[in-house]
Amino acid sequence: ITNSIGMEKAALHEPNFGGNERKYLLECLESNFVSTVGKHVKLFEDELANFTGAKHVIAVVNGTEALHVALLLAGVQEGDEVLIPSLTFIATANAVDYCAAIPHFVDSDWNTLGLDPKALRDWLKVSTDVRSGICFNRNTGRRISAMVPVHVFGHPCDLEGLISVSNEFCITMVEDGAESLGSWFHGRHTGTYGFLGTLSFNGNKIITTGGGGAILTNDIGLARHARHLTTTAKIQHPWEYIHDEIGFNHRMPSINAALGCAQLEQLPNLLDSKRRLFKRYRDSFKKVGQVKVFEEPEGCSSNYWLQ
Ligand SMILES: *Cc1c(COP(=O)(O)O)cnc(C)c1O
């Protein structure tokens with residue numbers, strides 16, 4: 001690519017539409033079902049479940065809203081504190097704020113670039129009390145209801161360490177896997193360890209639906225509630241409009257899901273090429289002093305998203 005002053009530049013990330021994108025988009029248009037009731041939504045969700053190993057996948061309009069709804073389902077309430085890493089995209093903090101909760105920024109670990117379970121445990125030990133299964137911040141008096149590890153640049157956090165902190169201090173874990181589709185921690189896909197996990201399919205992510213996101217869970221009750229809440233909380237009925245809570249119009253349209261189906265088919269190849277690129281960078285930077293190339297943590301497989 002050449003920029004406005006005629007200099008060559010390499011895009012940080014650009015989408016790749018080399019597969020069945022046009023075919024599936026046309027199929028979707030010809031079916032006339034381009035909105036959330038079209039068949040491609042279920043197809044995309046099933047294929048994502050297959051790929052990630054999550055039992056249930058709910059496709060939504062973007063990764064930010066996936067996280068917002070996941071936090072509500074995790075029981076985050078007004079005035080709560082939610083632990084998030086300081087090294088992340090703003091959406092993680094925004095989603096907390098949408099719940100009228102307070103983002104509480106926590107330090108990151110050099111080895112994973114994600115939440116540091118050791119530093120977190122040390123801090124929680126001296127600064128919180130757990131009373132009747134609820135963790136309170138002694139400095140503010142507020143409840144700490146959730147933690148949101150982010151798999152930064154697709155590199156998996158130390159999920160084992162974080163799960164143990166989450167259990168010890170009764171803080172629900174919701175994974176922000178927006179950057180980590182195609183990344184595994186100890187053989188299991190990121191986003192499937194927490195109470196809930198989320199993905200993003202924005203134009204700059206490893207695959208895209210134009211705009212989109214997903215909620216992952218292994219719990220059927222949570223999955224039903226996520227689907228309900230993101231479909232305006234309407235009770236299914238042929239003609240009556242009864243909504244039993246304040247819901248959201250957050251389901252992914254079929255036209256976006258059609259694009260996603262084609263993108264997902266190419267994900268394994270994309271992951272291979274990202275890994276090849278990573279190796280080239282690593283080898284090239286060997287010759288440069290004072291530069292450390294970040295490698296996936298041991299036992300993990302990173303999608304090397306931004307390579
Ligand atoms: C991209 C991203 C999001 C938000 O996803 P959108 O689909 O853009 O709303 C959330 N968290 C992180 C870490 C991201 O990189």
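The structure is a predicted model; local features need pLDDT of at least 70, side-chain atom pairs count only at pLDDT 80 or more, and totals for chains, interfaces and linings use all residues. Residues are numbered from 1 along each chain as its sequence is written, and side-chain values use heavy atoms, with hydrogens and water left out.

Start at the ligand. Its shell holds 15 residues, and the closest are Gly-63, Thr-64, Glu-179, Ser-200 and Lys-205. A residue is near a molecule or strand if one of its heavy atoms lies within 4 Å of it. By type, the shell splits into four nonpolar, eight polar and three charged residues. Here Ala, Val, Leu, Ile, Met, Phe, Trp, Tyr, Cys and Pro count as nonpolar, Asp, Glu, Lys and Arg as charged, and the others, Gly among them, as polar. Helix 3 (63-73) and helix 4 (90-98) each give at least two residues to this shell. Helices (H or I, at least four residues) and strands (E, at least two) are DSSP runs, numbered from the N terminus.

Next come the polar contacts. A polar contact is a pair of N or O atoms within 3.5 Å; within protein, one must be able to donate a hydrogen and the other to accept it, and residues adjacent in sequence count only if both atoms are side-chain atoms. A polar side-chain atom of Glu-179 sits 2.5 Å from a ligand oxygen. For Ser-200, the distance from a side-chain N or O atom to an oxygen of the ligand is 2.7 Å. For Lys-205, the distance from a side-chain N or O atom to a ligand oxygen is 3.3 Å. The ligand taken alone exposes 380 Å², and the protein buries 92% of that. Accessible areas come from the Shrake-Rupley method with a 1.4 Å probe; for residues, only the protein chains shown count as cover.

Now turn to the strands. Strands of a sheet pair through backbone hydrogen bonds, either parallel or antiparallel. Two strands pair if DSSP finds at least two bridges between them. Strand 2 (residues 81-85) pairs in the parallel sense with strand 3 (residues 102-106), over five bridges. In that pairing, Val-82 stands opposite Pro-103. Strand 2 also pairs in the parallel sense with strand 6 (residues 144-147), over three bridges. There Leu-83 faces Met-147. Strand 6 in turn pairs in the parallel sense with strand 7 (residues 172-176), over two bridges. Met-147 stands opposite Met-173 in strand 7.

How many residues of strand 2 are buried? Five of the five are, so strand 2 is largely enclosed by the rest of the structure. Buried means under 20% relative accessible area, exposed over 50%, and partly exposed in between (1.4 Å probe, protein chains only). Glu-81, Leu-83 and Pro-85 point one way from strand 2, while Val-82 and Ile-84 point the other way.

Three further strands form an open, antiparallel sheet in the order 9-8-12. Strand 9 (188-189) and strand 12 (300-301) are its edges, each pairing on one side only. Strand 8 (residues 184-185) meets strand 9 in the antiparallel sense over two bridges. Trp-184 has His-189 of strand 9 as its bridge partner.

Helix 2 is next. Its 14 residues reach 20 Å from first C-alpha to last, close to the 20 Å expected at 1.5 Å a residue. The expected span of a helix is 1.5 Å times one less than its number of residues. Its buried residues are His-40, Val-41, Phe-44, Glu-45, Leu-48, Ala-49 and Thr-52. Gly-53 follows helix 2 and has a positive phi, near 80°.

Finally, the loops. Asn-32 lies between helix 1 (21-31) and helix 2 (39-52). Its phi is positive, about 75°, although Asn-32 is not a glycine. At 65% relative accessibility, Asn-32 is exposed. Thr-232 lies between helix 7 (220-230) and helix 8 (254-285). Thr-232 has a positive phi too, of about 55°, and is not a glycine. At 29% relative accessibility, Thr-232 is partly exposed.

Thr-112 sits in the loop between strand 3 and helix 5 (117-127). Thr-112 is buried, at 5% relative accessible area. A polar atom of its side chain lies 3.0 Å from the backbone nitrogen of Gly-114. Cys-99, in the loop between helix 4 and strand 3, is buried at 6%. Cys-99 and Leu-71 are 28 residues apart in sequence, and their C-alpha atoms are 7.5 Å apart in space.
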